[in-house]
Amino acid sequence: MTLADHAACTATDVLRRVGEKWTVLLLAVLHERPYGFNELDRTVHGLSRRILTRTLRTLEADGLISRQQLPDRVEYALTDLGHSLLPLVIALGEWAVDHASEIQQARARARESAG
């Protein structure tokens with residue numbers, strides 16, 4: 001596989017998006033119910049308004065969330081596509097929790113070998 005093949009791969013693009021720090025958190029929050037921008041800003045601590053805006057725009061462009069202009073606010077919600085992705089992301093997170101000690105042990109061995 002060439003670098004160009006890797007860069008053009010749909011799976012690579014989706015995995016890169018899902019791997020972003022705030023993407024999974026926003027998907028999980030929006031799984032509960034639709035949220036307004038300011039609600040999301042207050043709910044997700046440590047996320048700047050600029051990054052929130054950028055992440056929401058990207059998720060909307062990918063079809064994972066919808067943006068609806070209401071009379072008094074903008075509301076964001078998971079789309080059917082977003083709902084279909086969430087169980088897979090949750091499964092990956094559960095796998096990471098289940099295997100955390102094995103991963104930590106492997107990393108410790110790698111550090112010992114490198115040092």
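Crossing angles of 65 to 115 degrees between axes count as roughly perpendicular. This cut-off is used in the first of the views below, which show a predicted model.

**View 1. Helix 3 crossing helix 5 in the predicted model.** The axes of helix 3 and helix 5 come within 10 Å and cross at roughly 75°, and the two helices are therefore roughly perpendicular to each other. On the side of helix 3 the contact is formed by W22, T23, L26 and L27, while helix 5 brings I51, L52, T55, L56 and L59. Sorted by class, the residues of this contact comprise seven nonpolar and two polar ones, with no charged residues.

**View 2. The largest nonpolar core.** This core has 23 residues, and those with the most contacts inside it are L26, L27, L40, L56, I65 and Y76. Two or more residues each come from helix 3 (21-32), helix 4 (37-43), helix 5 (49-61), strand 3 (74-78) and helix 6 (80-98); helix 3 gives the most, with five residues. In soluble globular proteins, nonpolar side chains tend to be buried together. Once the neighbours within four places in sequence are left aside, L56 is in contact with L26, F37, L40, I65 and Y76.

View 3. The C-alpha atom of L59 is separated by 22 Å from that of D72, a residue 13 places apart from L59 along the chain.

**View 4. T79 in the loop between strand 3 and helix 6.** Residues under 20% relative accessible area count as buried, and T79, at 18% relative accessibility, therefore falls in that class. With its neighbours within four places in sequence left aside, T79 is in contact with G63, L64, I65 and S66.

**View 5. Helix 6 meeting helix 7.** The axes of helix 6 and helix 7 (residues 100-114) come within 4 Å and cross at roughly 60°, which makes helix 6 oblique to helix 7. Here W95, A96, V97 and D98 of helix 6 meet A100, E102 and I103 of helix 7. The residues of this contact divide into five nonpolar and two charged, with no polar residues.

View 6. The C-alpha trace spans about 60 × 35 × 25 Å along its principal axes, and buried residues make up 29% of the 115 residues. Among contacts between residues at least 6 apart in sequence, 44% join residues at least 24 apart.

Notes: Residues numbered from 1 in each chain as written. Predicted model: local features only at pLDDT ≥ 70, side-chain atom pairs only at ≥ 80, totals over all residues. Heavy atoms only, no water. Core = buried A, V, L, I, M, F, W, Y, C linked by side-chain atoms within 4.5 Å. Buried < 20%, exposed > 50% of the residue type's maximum accessible area, 1.4 Å probe, protein only. Contact = heavy atoms within 4.5 Å. Axes fitted to C-alpha atoms, helices over the stretch in contact; angles between N-to-C directions. Parallel < 35°, antiparallel > 145°, perpendicular 65-115°, else oblique. Nonpolar A, V, L, I, M, F, W, Y, C, P; charged D, E, K, R; others polar.
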